[in-house]
Amino acid sequence: MSTAMIQVQNLTKDYGERRAVDGISFTIHEGEIVGFLGPNGAGKTTTLRILTCYMPATSGTATVGGFDVFTQSLQVRRIIGYLPENVPLYQQMRVNEYLSFRGKLHGLDAAARAAAVRRVTETCWLGEFIGRPIHQLSKGMRQRVGLADALLHDPKVLILDEPTIGLDPTQIRETRLLIRELARRHTVLLSSHILPEVEATCQRTLIIAGGRIVASGSPEELKERIRGGSRLIAEIAGPGSEVTQAVQGVAGVRSVEASSSDGWNRLKIETTRGQDPREAIFRLAAQRNWLLREMRLESGSLEEFFVQITAQQAERNRGDGPAGTRPILPQVEGQEAPR
Amino acid sequence: MIRNVVPLTERELSASFLSPIAYIVATVFVVASGHFFLAETLVPGRESSLRALFDSMAALLVFALPLLTMRVLSEEFAAGTIETLMTAPVTDVEVIVSKFLGVLLFYAALLATTLLHVGLLGYFGGLDTGALLLGYLGMFLLGSMFIAVGVFASALTRYQLLAALIGMGALSLLTFVADQLGRWRGGAWRTVLGALNVLGRFEEFTKGFFDTGAIVYFLSGTAFFLFLAVKVLESRRWR
């Protein structure tokens, strides 16, 4: 496995009485694109602000590129490009002035600055409005200026807080493409509260809710883990109760939910994890001489999973009982369970 | 360590030139200095110096300079740009020093407009170059300490108006209030208040005394308030 680019251990942040981030730990390796997914107020922005040295953690440690975010803050800030959530920019400046100013802060000399501005103008499609004052730009354009600023000094690590918010559908698609392209040369950590966003862009997802990481893995892995297995849809013609009972008896079937119309039974079959009873069901139907007109495997959508676990987390936070101390799902990559 | 001061100061200065309030302050400054000059100096029989002008302008600066400095940090807090600024590789000291220098340069440009009056003085009367230079030095040092107080006030809040009021309040305490109380009280009080009274120190310059103590006083006052501003900026991270 390649080297760790971002390492977070037991990070906690309190705002007065309220605990925004609650002992999270994770590791991001060089070249990965990782999505930080969670409902609003889950602690995403707080975590990103700690990683970008904007605010210190209450406890725990975080390193970026091997530098500690608290004690080696300047070194960290040199290697990150950060796009904050609502893209704060100096309204009175023109786009090229702004980028040039930011280039100076990153220590680029005149020639390097001109080259960098040219490069990000191209990658972030700034061409038409490079000379316009920022206050005249639409939300989507300002988003691109923010992204250009984050990319200007060719940072090792890109930290993007809700990068496609406020963009139109075409721009969203282009931005996702751009982010995936960037990941070849940069390590990317992006946050979102929109699922398809993360599903479309990231290799790995960290789901955060109530300040804790409640699940992590690739979108496929996460989907797989929904309800422990997957769901089959089958339509079989035959006497309703008999069909249901027989299918229930097939190895690998956990439960069956049936509805019938015109003599066809539409079965929703929950399967045991790691088992595929499709062949057995086909044989059963053939043996009993039942007609089978549809059978498909439906892996649950990430959306469903997301709603499910964030709802559970909210439940736990309300109850605040002993259940809250247990992670909802087994963590991958040897992560510590949230406290 | 101070590599970023130049680009940051450039941005600060250009922001000053793009802010409407700076133009209002500049207008008031130019009109007021012209008025004081015509009413108190360019009168037959008056001494040929800018002393009266400088003494009147010093009082005006108590209200004018906080209006120039109120923007510097409060605006960054309110607009959120403080986040992009502080996540760039810049230090808190660089940020505060640049905010200070940006306004100081703008103030120096305003001060330069009074060179017109110097020209008129030279035309109609004689010029005491030494006293004149001391007067300008005094105005510059006074301005820099006032700006440092204003930058500190702006670091305290995201509301520009509040920053201006805090700045004016603090400067009034150091000038008018200390002066008035000093007149009423005697003994040790008078000594302490006299030491605090910024305008008293300033008048040493316009009277034409070269007082190294006063120079040290203004420089250390400036450094002290800039130091406080750095500490306030640092402490925001913990909130």
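Predicted model: local features only at pLDDT ≥ 70, side-chain atom pairs only at ≥ 80, totals over all residues.
**The six-stranded sheet**

Begin by selecting the strands of the open sheet ordered E6-E7-E8-E3-E9-E10 in chain A, where the pairing is mixed. At its edges are strand E6 (80-83) and strand E10 (212-217) of chain A, each of which pairs on one side only. On average, neighbouring strands of this sheet are turned by 15° against each other, direction ignored.

Next, select residues 157-161 of chain A, strand E7, which pairs with E6(A) in the parallel sense over four bridges. Within this pair, A:Tyr82 stands opposite A:Ile159 of E7(A).

Then display helix H6 (residues 169-182) of chain A, which lies across E3, E7 and E8 of chain A and runs at about 150° to E8(A).

**The four-stranded sheet**

Move to the open sheet with the order E12-E13-E11-E14 in chain A, whose pairing is antiparallel. Strand E12 (253-261) and strand E14 (291-298) of chain A each have a single partner strand, so one side of each is left without a neighbour in the sheet.

Select strand E11 (residues 231-237) and strand E13 (residues 264-271) of chain A, which pair in the antiparallel sense over seven bridges. Here A:Ala234 stands opposite A:Leu267 in E13(A).

Finish with helix H10 (residues 278-288) of chain A, lying across E11 and E14 of chain A at about 170° to E14(A).

Key:
Residues numbered from 1 in each chain as written. Chains lettered and ligands numbered in written order. Pairing = 2+ DSSP bridges. Helix = DSSP H or I, 4+ residues; strand = E, 2+ residues; numbered from the N terminus. Axes fitted to C-alpha atoms, helices over the stretch in contact; angles between N-to-C directions. Contact = placed C-beta atoms within 7 Å.
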